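User: I am new to this structure and would like to learn how to read it. Can we go through it one feature at a time?

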Amino acid sequence: MSSAKSASGFDVELPRSLQAERRDAIAILSLARPDKRNAIDDPTVAGIEAFFAALPDGIKAVVLKGEGEHFCAGLDLGELTARGVAQGIAHSRSWHRAFERIEFGKVPVVAVLHGAVVGGGLEIAAACHIRVAERSAYYALPEGSRGIYVGGGGSVRLPRLIGTARMMDMMLTGRVYGAEEGQAIGLSHYLVGSGAGLSKGIELAERIAGNAPMTNFAVTQVLPRIAESDPAAGYLTEALISAIAQGDDEAKARLKAFLDKRAPKTVRG
Ligand code: 1HE
């Protein structure tokens with residue numbers, strides 16, 4: 001374990017497999033175990049949970065990326081052989097806790113993907129709010145061929161992105177999607193050239209950080225719940241969060257700026 005605070009201003013102990021860096025309101029968290037293709041072991045899962053739980057108030061968005069040639073090779077398969085059923089359940093639940101800290105944490109998270117985005121690597125990417133893929137990225141769920149099953153929330157999050165039928169195909173047949181196919185089916189939001197992912201990810205994170213905090217809260221915390229509730233509850237919840245957001249001082253200041261012709265217009269490009 002190393003203290004990230006002295007190096008980068010985060011008040012959290014991180015394992016060697018994670019590195020954190022701060023650029024003003026943006027935190028960059030790197031999976032930093034390239035010799036093992038950023039495979040996620042138990043200390044890494046605990047570190048991810050701790051990092052997202054302890055984000056300082058000044059951080060408005062996070063970029064998650066992987067060091068080396070690949071984003072993430074998924075679960076550290078070396079840890080798997082010694083586990084019994086009860087330990088397996090506890091292990092999967094520890095991934096759920098950590099990834100919930102990403103999906104329903106304090107701020108939006110942008111994932112920058114390249115190389116292998118497989119197994120648990122795809123699961124952690126799916127827990128992020130925005131995905132930027134470089135052209136080297138490819139996606140697979142090799143759990144089927146390893147005799148196991150996803151355990152990092154993939155059964156819940158991946159069908160939302162690509163549908164149950166595609167996930168079933170990936171798991172049963174070992175189908176691998178390339179970056180362009182992944183973009184077409186909704187695994188990534190943005191597709192960029194090799195090496196351009198981080199700058200695009202930071203650009204998007206900075207744009208997100210410039211939003212009113214209440215808007216980011218509503219989009220990341222409330223929208224997914226509305227999308228999964230029955231329409232009547234959804235409309236009611238939407239009315240409530242809409243009123244809460246527009247009643248916030250930040251919204252009033254932004255609306256006044258537009259009416260005073262001091263705010264940017266909505267234009268393409
Ligand atoms: C690993 C892992 C790993 C690499 N656990 N050690 N994930 C998988 O089934 C994917 C397994 N990995 C691969 O298919 C390949 O490693 C890659 C395609 C990602 C990269 O290939 P390559 O040629 O660049 O690297 P490599 O030579 O295969 O691996 C380099 C080292 O990383 C090697 O260790 P070394 O000590 O011999 O150098 C590999 O053993 C090690 N390595 N991937 C442990 N995953 C919560 S449930 C989630 C369930 C899952 O995620 S299942 C999917 C697991």
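User: In which helix is the place of leucine 198?

Analyst: Keep in mind that this is a predicted model. Leucine 198 sits in helix H9, which covers residues 197-209.

User: Is leucine 198 buried, partly exposed or exposed?

Analyst: The general idea is a pair of cut-offs: under 20% relative accessible area is buried, over 50% is exposed, and the range in between is partly exposed. Leucine 198 has a relative accessible area of 24%, so this residue is partly exposed.

User: Now the ligand. How many residues surround the ligand, and which are the closest?

Analyst: Start with the shell, then look at single contacts. The shell holds 23 residues, and the closest are Lys36, Ala73, Leu75, Gly120 and Arg146. Sorted by class, 10 of the shell residues are nonpolar, six are polar and seven are charged.

User: Which strand and helices each supply at least two residues of that shell?

Analyst: They are strand S7 (116-118), helix H4 (120-127) and helix H5 (143-146).

User: Which polar atoms of the protein lie 2.5 Å, 2.9 Å or 3.3 Å from a ligand atom?

Analyst: Lysine 36 places a polar side-chain atom 2.5 Å from a ligand oxygen. Leucine 77 has a polar backbone atom 2.9 Å from a nitrogen of the ligand. For aspartate 35, a polar backbone atom is 3.3 Å from a ligand oxygen. As for cover, the ligand taken alone exposes 1,000 Å², and the protein buries 66% of that.

User: What is there to read in the backbone angles of arginine 37 and asparagine 38?

Analyst: Arginine 37 is not a glycine, and its phi is positive, near 55 degrees. Asparagine 38 is not a glycine either, and its phi is positive at about 60 degrees. Arginine 37 is in the loop between S4 and H2. Asparagine 38 is found in that loop too, between strand S4 (26-31) and helix H2 (42-53).

User: Is asparagine 38 buried or exposed?

Analyst: Asparagine 38 has 2% relative accessibility, so this residue counts as buried. Its side chain reaches the backbone oxygen of histidine 70 at 3.0 Å. Arginine 37, by contrast, is partly exposed, with a relative accessible area of 44%.

User: How many salt bridges does a search of the whole structure find?

Analyst: The search finds 17. Arginine 97 and glutamate 49 form a salt bridge with their closest N and O atoms 3.6 Å apart. Arginine 97 lies in helix H3 (residues 85-103) and glutamate 49 in helix H2, so the pair ties together parts that are 48 residues apart in sequence. Arginine 97 is partly exposed at 46%, and glutamate 49 is partly exposed at 21%.

User: Which residue forms a salt bridge with lysine 65?

Analyst: The partner is glutamate 67, with the closest N and O atoms 2.7 Å apart. Lysine 65 counts as buried at 15% relative accessibility, whereas glutamate 67 counts as partly exposed at 26%.

User: Which residues are linked in a network of salt bridges?

Analyst: Here several residues are read together: Glu103, Arg157, Arg160 and Glu228 are linked in such a network.

User: Last, which residues make the nonpolar surface patch of about 300 Å²?

Analyst: Leu236, Leu240 and Ile244 make that patch. Leucine 240 lies in helix H11, residues 231-247. Its relative accessible area is 51%, so leucine 240 is exposed.

Terms used: Residues are numbered from 1 along each chain as its sequence is written. This is a predicted model: local features need pLDDT of at least 70, side-chain atom pairs count only at pLDDT 80 or more; totals for chains, interfaces and linings use all residues. Side-chain values use heavy atoms; hydrogens and water are left out. A residue is near a molecule or strand if one of its heavy atoms lies within 4 Å of it. A polar contact is a pair of N or O atoms within 3.5 Å; within protein, one must be able to donate a hydrogen and the other to accept it, and residues adjacent in sequence count only if both atoms are side-chain atoms. Accessible areas come from the Shrake-Rupley method with a 1.4 Å probe; for residues, only the protein chains shown count as cover. Helices (H or I, at least four residues) and strands (E, at least two) are DSSP runs, numbered from the N terminus. Ala, Val, Leu, Ile, Met, Phe, Trp, Tyr, Cys and Pro count as nonpolar, Asp, Glu, Lys and Arg as charged, and the others, Gly among them, as polar. Patches are made of residues with over 30% relative accessible area and no salt bridge: like charges are joined within 9 Å, nonpolar side chains (Val, Leu, Ile, Met, Phe, Trp, Tyr) within 5 Å. A salt bridge is a side-chain nitrogen of Lys or Arg within 4 Å of a carboxyl oxygen of Asp or Glu. Buried means under 20% relative accessible area, exposed over 50%, partly exposed in between (1.4 Å probe, protein chains only).
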